[in-house]
Amino acid sequence: MDVFLNSIPALSDAFALILQPQVLGYLVLGVVMGLCIGVFPGLGGIAGLSLLLPFMFGMDPILGLALMIGMVAVVPTSDTFASVLMGIPGSSASQATVLDGFPLAKKGQAARALSAAFASSLFGGLMGACFLTVFILVARPIVLAFGLPEMLMITILGLSMVAILAGRVALKGLAAAGLGILVGTIGEASAGGSLRMATYDIPYLADGLKLVIVGLGIFAIPEIISLLRQDSSISRAEKLGGSWFDGIKDWWQNIWLSFRCSIIGVVVGVIPGLGGSVVDWIAYGHSVQTTKDKSNFGKGEIRGVIGPESSNNAKEGGGLVPTLLFGIPGSGSMAIFIGAVALLGSGQIEVGPAMLKNNLDITYSIVWLLALANVVGTLFCIAASGGIARLTTIRFTLVAPFLFMLISFAAFQSGQNFEDLIALFALGLLGIFLRRFDWSRPAFLIGFVLSSPVEKFMNQAFQIASFRFRESAEAGYAYVFSPIVIVLIIITVVSVVLGLRQAKTIMAEGDIQSGSKRAPMVFLLAVLTYAIFAYANAYAISDRLMTDKIIPLIIAGITIFCCLIVFIQMIRAKETDVLFADREFFGEDADAPYGLWSTLAWFGALLALTGIFGFIIALALFLVSFLHVRGGLRWLHALVYSATGIAFMLFMAWALGRDFPPGLLQSYFSLPWPFT
Amino acid sequence: MKFLHKITLAVSVATMGFAAQAEVDLAGETVEWVIPFSETGGSAKWANFFAPLLSEALPGQPTVVVKFMPGAGSTKGANWFQKQKNGDGTLIFGSSGSTQFPYLLNDPRVRYEYKDWNPVMATGTGGVAYLNAESGAKFDGSANNLQDINFIYGSQGATRLDLVPLLAWKMLGMNVEPVFGVEGRGDGRLMFERGEANIDYQTSSGYLKGSADLVAEGSAVPMMTWGSLDDNGDIVRDPTFPDIATFKEVCEATTGCETEGAAWDAWKAFFVAGFPSQKIAFLPQGTSQDIIDTFIKAFEDVKARPDFAEISAKRVGKYPMFTGNAANEALGKATSIEQSAKDFVVNWLEQDYGVKLEK
């Protein structure tokens, strides 16, 4: 009880520290900077914090904290703009928001979706802070109770959401998730360093693929291409329905869902080593399971937006626990945050276990600055959402080239290689096919995101368990089947069983008609071939390095099995069966005035030109010709539009100290920035 | 490439007889300091400590950002750095003992060559091994009472810096099972805190930041440090931890452990390669001398700060910092090793862990 009694004066000290005009001013400044960076997909808090780092040395601690927290806190809020309005998952915090947020925008209800998302974010952030204020005092033993078997089970719980999102043909969803995991294992294994589906001759592959690129490729590119072919606006509605006020009303009607998801967010965020990747999916799965009428998920169900958005800001708060109490950052931006905290003042704040004993007032200040930053950021965002939602009424052909510009830039930031752009294109192509033939893209993304944690936790838990079993069977079972693990297993089993039963009604990809047999079969065989290659490739790794080969072997095996069964079913089924779902046959894509390949070629041309002339020159050529030829603008208009877009891009890159992809031209001539 | 442009300018000015160094100006640039480990380890703390100081000391006060590129126990990041050619001063690489060891042991994954790189600064560190409370109670300055305990240790890999603790524990006759694939020493410490591992070691900075608190609250007991080298090359107590015995002392007190012979020589050789000049900052190959000199000068300025001794003792421990030529010498010690020591370790790694390396 003493712990709690001591905390009350610390809490009031914290509020006295925070509620100074100067501190609030710095907080707002941080929030505004964070919002500007956050609307840019793929940059996130790391870029912003790095920008602030040099100013932190010797700065008054509370002011420095206000500035940094203001910036970090709003990134998961503002990246909602990109995911709802354009279907671009800006960061791992907005993967699941895309699923229902973007369809809502297509229905002309972008403002409603946005404000519901922001209200949920705000509520989640505040709930997270309240929960943490008490929880942080007793968090340490609870966090330490989450060992490797527990973390493995949480990861598996996240993976089990595949069952819900698998789509109408469960085996195809499973194969998509398997493919996602296999793509996630590409590169050097973290345990033994063996290469999987990669060679040292292509160092890019040896590094593995980054989440930003996979997210953009699998979700954003197929949507952009599809919309572009139809040559309409994002919103199909005659006029925009659903004002920002409706969104807040939606959130209020689902406040308990929002409450539960924010608790899920804090709790999962607290566990070090998991990060935010699982939270979204668990919250989305929970939203689906607790909704009576599930038929709208994937087509624009507001609860599909409220759930994940409530959890992801709460998760940021939860993530403070491992950061502050253990000095172990839950994300890249938190790592920079720790580094920056040590620079503040005379370095008296030591992140680590001492934070609770010596700096409880600072700890509380951090927690509540985060909450306050959420409030400020959300108010800004809600205020802006009505206006920004009008973007969805603009003819998409005029928006698309700038989206191509944004996603290419975002992809390049992840690895600073030209190969980033090639990978983006390749994954975009994969995404287009997954979408076309109704293979669940969310399942693929879940598989990819959780691939490396599953592998890591599985191998390490297995090793420790085998030591324990050697000691005694009891010690082994006690380790593997702790109460937490058992609870998690039950939740997982229940959610898989419920999920499979419901999956048929939840069309993560919308309703798709079946067409001819040939194209869907060719794609299936392509997936099968890749899985077989991956199996053979993993099989060739030495048995001494079992840790590096076991997961690819098992997953490739499962994927091959699923594909074979679907293949047999396909041979027997009639061509109107759901197995042969094909968007090119019926619906919007089939009726689109422009073909797939000619549209994709525009994007390909941008990348090819970049390879020759570097990004900025290529972009200028691309924008002007696209706007003129495809957009039908007059040359002068096309020029002005392009110049504005490029100027914006240059300003952002300049402010953040970022480079652009170079091409062949740059390897012969040294040009001044931004043409580098 | 804007910078390259500036450099060509700087070089042409230099040939005209002006001091080139003054022309190196990094104003508005972002210098990336790449660390081939995750955000949680000692190298991260090391780089995060130096980055802002370096930023202040470099001409033009560029932003210095620490970037993490973990993977394959740091060979991934080092292989990447080997391919970098942008010697325009916007990229530094921080290697650690875990990068040095695979290089010394001809690990097949190593695609990097230290001789190609340009060292600008090196610092040493120490290491502290500690036990959980239960086995700590049995520790009496020797490992005699620790022989029957099954120890589990979260390890980054047997060919890494972990080789030094693993070999030391083996020489003491202790039964330590490593769990491989841990991504940084911070993750190893967490495994220890969760009770999944019951023995751990941290480099000095990691120990000061995380483990010292565990010792203070009684859930960990320090066992030994690796010690520090005096001017004669003998192992003495670590100045950062004068109260903790060295491995040498513990070994002498333990039945069956000898401080001479093949095993000891090999352990000491790898300790010297891995700790007293453990962390080295490099500029990529092909960097011009002006830029190298600029960075050396900057690190010298950092070292000359009046408050340097004070702030560094708290953050990274009391160890010498080498710049310029001294850094080159430190690199030489860290990347060369006697054949006999290497043979011993290669045999041991194959016997105990099945790791096949070329001799």
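Two residues are in contact if their C-beta atoms, placed from the backbone, lie within 7 Å.

Figure 1. Among contacts in chain B between residues at least 6 apart in sequence, 77% join residues at least 24 apart. The chain contains 14 helices and 13 strands, where helices (H or I, at least four residues) and strands (E, at least two) are DSSP runs numbered from the N terminus. Of its 359 residues, 59% count as buried, a residue being buried if 20 or more other C-beta atoms lie within 10 Å of its own, exposed if 12 or fewer, and partly exposed in between. In this predicted model, local features need pLDDT of at least 70 and side-chain atom pairs count only at pLDDT 80 or more, whereas totals for chains, interfaces and linings use all residues. Residues are numbered from 1 along each chain as its sequence is written, and chains are lettered from A and ligands numbered from 1 in the order in which they are written.

Figure 2. Domain 1 contributes 25 residues to the contact and domain 2 contributes 22 residues. On the domain 1 side, the elements giving two or more residues are helix 2 (42-57), helix 4 (97-104), helix 12 (308-316) and helix 13 (325-334) of chain B. The largest share of that side, 6 residues, comes from helix 4 of chain B.

**Figure 3. Packing of helix 7 against helix 8 in chain B.** Helix 7 (residues 185-193) and helix 8 (residues 204-216) pack at an angle of about 5°, with their axes 11 Å apart; axes are lines fitted to C-alpha atoms over the stretch in contact, and angles run from 0 to 180 degrees between N-to-C directions. The two helices are therefore roughly parallel to each other, a term for angles under 35 degrees. Helix 7 of chain B contributes R185(B), G186(B), R189(B) and E193(B), and helix 8 of chain B contributes G206(B), G210(B), S211(B) and L214(B).

**Figure 4. Helix 11 of chain B.** This helix (residues 289-304) has 16 residues and reaches 22 Å from its first C-alpha to its last, close to the 22 Å expected at 1.5 Å a residue; the expected span is 1.5 Å times one less than the number of residues. Its buried residues include I291(B), F295(B) and F299(B).

Figure 5. G38(A) counts as buried because 31 C-beta neighbours lie inside 10 Å. Not counting residues up to four places away in sequence, G38(A) touches V74(A), V75(A), S78(A) and D79(A).

Note on methods
Parallel < 35°, antiparallel > 145°, perpendicular 65-115°, else oblique.
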